[in-house]
Amino acid sequence: MSVEEAREKWFALVKEAQAGNRTRIVHGKDDSLVVLLGPVSELAARCPAVTVTVARPELMTLMEAAMTSGPQILTRSGKPAAVLMAPDGGGPRPAGASPPSSRLVSLGDVLAEPSRPLLSFGLPGLDEITAGLLEPRLTLLASAPDAGGGLLAAALARHTALTAGQAVLYGVSGLASKDVVASRMIAAEAGANYAEMRSGSLPAEQQERVDQARKRLAASLLWFDDGAGDPLTVDMIAETARYADGLALIVVDRLQQRAQTGVPLSGRALPAAAERLAQVAAELSVPVVAVLDTDDGQTTGGLHPHLTLSLTRTGTQAQVVVQEAGVGAVATVPLFADLPCVRFTEPAAVRQGSPRPPSGLVVAPAEAAVPRWAPADTAPRPAAAAAQTVNGSGKQGATSPAPRPAQNTPPRALAAVSVPGTAPADESAGERLVRLAGVNPQLKPEDFDVLELLGERIDDHLAHVQGDLEKAATRMQGQAITDVMDLFNKSRVGGRRQHTANPPSYDFLKKERPRGVDQVWEGRHKWVNTVLLEEILKGGPASVPVIVLDTPGAYLNAFNLWLPQGKLLHRRHDPDNLDDGFPGPKTSSGIFLAEPSPWEHTHLPNPLGSRREPGPLLLDTATVKTLIDCHRKHDLCGPPRILESWTSSGSETFLLKLRRVLNAARLAAREQEELDIVEKYIKAMYSKFSSTLGESTSNRQIKRPDWMHTVRSQAFANLWLRAFKLHQAGLTIVKVMGTDEIHVAGEGDWRDVFEEGHQLSQMKTKGKDAYTLTPRNARRHYPQD
């Protein structure tokens, strides 16, 4: 068999060799190069080894080595699978000969094996614990999406490449971007403010450190692989790794728990991806560290890693729990989150020279051991142990006085690291909001430019009316659209994808009259459980207590959605092929002409809202996704039949930064009575933004009616999903109204489904609106046409 034929049938030939068969592989017209591919049982001496996958493209080289240097072992999953040898070296092993040395290794040989390359996080405490654990197996770095798992993975790659001088491959998948990862590495290495670095406003001294860090990283053996336009897969990572000589570490950033269309390393594909990553680690004899965007123990355990580093963070205080398979938790290592410099450092007590805790013990970060306002190039800032932080319920804890910043502290650094405490005497309302909102753990370093702009606008409005709060409130409401568009445009600076603000439109997206509507249907809810009302009127339950629930920031929460990027292109589809009509929001976001399936659930609202007429209708991406989820995930209805579409490639990042900033400001403002007008100002911003994205004379900066419909429909879809979750928990849904109101009854507690509070993921009661349904008043609750 020729070399070319062997490569085509390579993996099948290896399986045949494992079964005991031999294959003769030749090269050259005169068969100048001949080797045998056979079972390992024919081998009696220690030989060089290479993985089966790597051997395929290097077959010629291995054949030459087999002829000149001796047999070459092929391994699979770290175990010998077959051997390449010269024809005269393929005889049977003599009776009484030693078993294959490739399998039999003495303890002395194991202890004498050369140590593996140093892998370092740049954090002595964590390095000390993981020094002997980061083996050529799969390690999961598990953390919530905003806890900083990617920063810790980047630190491992950066320090391994720079400090240890080892080769590192960094795979970038999903929401991650190699440009962002590289920029964060530079800022962390230089100890520079990341937001200022991205905006080009660093002080000269920090800029010099950044330039030096960039040169060091550029000269290191650190490579990126993001698929070059294609979704990254494990096989692509393995293929790239074969060409990186002397590779010491593979980092995969990241594995996504939530399924995302077009992202292979997400959702239900994770178990297979994790298994394949473990195989790659064994085949290449290289540790693989993968970031997982959840610290849920059931999820991490289901991926069967050799080692799990579970990172959790509250404000600036973080910790890593190190767990080894078959052993459990080995140690807990405290860390300090230096967010302005997008990195983790050791807590102040360790940096000051305190004894390091024994493995398995936790030492809380010290109080203010170094000045809170220390420049980034001196000792890292301490954990804000006494700082006021936002907890899961949206409320704030007790405060301790915070030191005044030094006179030369850059404003952005103040916004990024300051904590609520004793406010400076001359602090303005805008500065107070920035200070209070700046500790929100959901904010990212790149968000502070937008947050500061919001603070400046607040101060401008107050200054214009000379501090008159009533006039300031009126002015803020009037300028809300202009201001929120400025914040939106600021948030898009440096974004990976650029949107088109005023693309060519279609007639069905145009209003028929100035104050009219276009032809796209939105699933606005005005649903009442008439079956329940009829039961009450027919002598059912004599009284039904009803609780009215409210969704905080419904339109703001809807900013987490897929939006079309550019001009919408028209396509026709096979209505019986759902994947043809909707391949996914990443490639197909916009407007769809679809025929929904019948809705037969009288105890639940129709995701289409109050729609009564049958037949096809124009729907946006959010509504179509909800209908498909009802079919595929919840098995509530059949699939929608998509006839035509007007779509573009989509992105779910366009409004995320604006959402984080406005949410952090909203929560901070509601905790301060004097910032009440600011809370109303922020609410006006996101609600007016949502309603003026289309054809509006109040907003000339953007004309995207498709965006307007999608944002509003996403709010309706979010409300429907909450009602469905409450229903699944055993509660009776009485009414679903608008974008934010659900009426529930039943013996269950809605707090078992949603936390109570003002966070976007929570719900709260409208206490005064609670009521009781009785036969006397039931008719008044029927829907009004």
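The legends below describe several close-up views of one predicted model.

In this predicted model, local features need pLDDT of at least 70 and side-chain atom pairs count only at pLDDT 80 or more, while totals for chains, interfaces and linings use all residues. Residues are numbered from 1 along each chain as its sequence is written, and side-chain values use heavy atoms, with hydrogens and water left out.

**View 1**

**View 1. Ala244 in the loop between helix 11 and strand 9.**
The loop that holds Ala244 lies between helix 11 (234-241) and strand 9 (247-255), where a helix is a DSSP run of H or I with at least four residues. Ala244 counts as buried because its relative accessibility is 11%, and buried means under 20% relative accessible area, with a 1.4 Å probe and protein chains only. Although Ala244 and Leu221 are 23 residues apart in sequence, their C-alpha atoms are 9.1 Å apart in space.

**View 2. The largest nonpolar core, with 53 residues.**
A nonpolar core is a set of buried Ala, Val, Leu, Ile, Met, Phe, Trp, Tyr and Cys residues joined through side-chain atoms within 4.5 Å. Leu433, Ile458, Leu655, Leu662 and Phe689 have the most contacts inside this core. Among the elements that give two or more residues to this core are helix 16 (429-437) and helix 23 (656-670), while helix 24 gives the largest share, eight residues. Neighbours within four places in sequence aside, Leu433 is in contact (heavy atoms within 4.5 Å) with residues including Leu454, Ile458, Ala665 and Val678.

**View 3. The packing of helix 17 and helix 18.**
The axes of helix 17 and helix 18, which are lines fitted to C-alpha atoms over the stretch in contact, are 9 Å apart and meet at an angle of about 155°, on a scale from 0 to 180 degrees between N-to-C directions. Helix 17 and helix 18 are therefore roughly antiparallel, a term for angles over 145 degrees. Among the residues making the contact are Leu454 and Ile458 of helix 17 and Met476 and Leu487 of helix 18.

Technical notes
Buried < 20%, exposed > 50% of the residue type's maximum accessible area, 1.4 Å probe, protein only. Parallel < 35°, antiparallel > 145°, perpendicular 65-115°, else oblique.
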